[in-house]
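Hi,

Here is the structure I said I would pass on.

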Amino acid sequence: MKSPKRAKSRIVKRSVRIDGGLTSVSLENQFWEALKEIAKERGVALQDLVATIKAERRKGNLSSAIRVFVVEHYGARSPRA
């Protein structure tokens, strides 16, 4: 019996211009889409949102900080049981 196929999470690497330089960020496509949606909701450019996340991160790499930011953003919006 074959085991069910798992959907591979596709990592997408993009360069974002922050403070005049390019920063490479690797995220799953779902996080990129969520980040774009949040930037649109806030009326800011994606690169400006990423720059803010970078400036406010406490530790860890930028990709991890973005994932935490997205999870916290949507977690704050969901009703508590």
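Thr23 counts as buried, at 18% relative accessibility. By "buried" I mean under 20% relative accessible area, while "exposed" means over 50% and "partly exposed" is in between (1.4 Å probe, protein chains only). Before going further, a word on where this comes from: it is a predicted model, with local features needing pLDDT of at least 70 and side-chain atom pairs counting only at pLDDT 80 or more, while totals for chains, interfaces and linings use all residues. Residues are numbered from 1 along each chain as its sequence is written, and side-chain values use heavy atoms, with hydrogens and water left out.

Back to Thr23, which sits in strand S2. Leaving aside neighbours within four places in sequence, Thr23 is in contact (heavy atoms within 4.5 Å) with Arg14, Ser15, Val16, Ile18, Lys54 and Leu62.

S2 (residues 21–28) pairs with strand S1 (residues 11–18) in the antiparallel sense, over 8 bridges. Two strands are said to pair if DSSP finds at least two bridges between them. Ile11, for instance, has Glu28 in S2 as its bridge partner.

The hairpin of S1 and S2 has 2 residues between the strands. Asp19 is in that loop, and Asp19 has a positive phi of about 50 degrees although it is not a glycine. Is Asp19 buried or exposed? Asp19 is exposed, with a relative accessible area of 78%.

**The chain as a whole**

There are 3 helices and 2 strands, and from the N terminus on the elements run β-β-α-α-α. Helices (H or I, at least four residues) and strands (E, at least two) are DSSP runs, numbered from the N terminus. The chain has 81 residues, and buried ones make up 28% of them. Among contacts between residues at least 6 apart in sequence, 43% join residues at least 24 apart.

**Helix H1**

H1 (residues 29–42) has 14 residues and reaches 20 Å from its first C-alpha to its last, close to the 20 Å expected at 1.5 Å a residue. The expected span is 1.5 Å times one less than the number of residues. Phe31, Trp32, Ala34, Leu35, Ile38 and Ala39 are buried in H1. Seen down the axis of H1, the buried residues fall within an arc of 165 degrees, so they line one face of the helix. The arc is that of the directions from the helix axis to the C-beta atoms. As a reminder, an α-helix has 3.6 residues a turn, so residues three or four places apart point the same way.

On the other side of H1, Gln30 and Lys40 are exposed. The buried residues of H1 pack against S1, S2, helix H2 (46–56) and helix H3 (62–77). After H1 comes Gly43, whose phi is positive, near 70 degrees.

**Helix H3**

H3 has 16 residues and reaches 23 Å from first C-alpha to last, close to the 22 Å expected at 1.5 Å a residue. Its buried residues are Leu62, Ser63, Ala65, Ile66, Phe69, Val70 and His73. Seen down the axis of H3, these fall within an arc of 165 degrees, so they line one face of the helix. They pack against S1, S2, H1 and H2.

**The core**

Which residues touch the most other members of the largest nonpolar core? Of its 19 residues, they are Leu35, Ile53, Ile66 and Val70. S1, S2, H1, H2 and H3 each supply at least two residues of this core, and the largest share, 6 residues, comes from H1. A nonpolar core here is a set of buried Ala, Val, Leu, Ile, Met, Phe, Trp, Tyr and Cys residues joined through side-chain atoms within 4.5 Å.

Val70, in helix H3, counts as buried at 5% relative accessibility. Leaving out residues up to four places away in sequence, Val70 touches Phe31, Ala34, Leu35 and Ile38. Val70 and Ile38 are 32 residues apart in sequence and 8.2 Å apart in space, C-alpha to C-alpha.

Cheers
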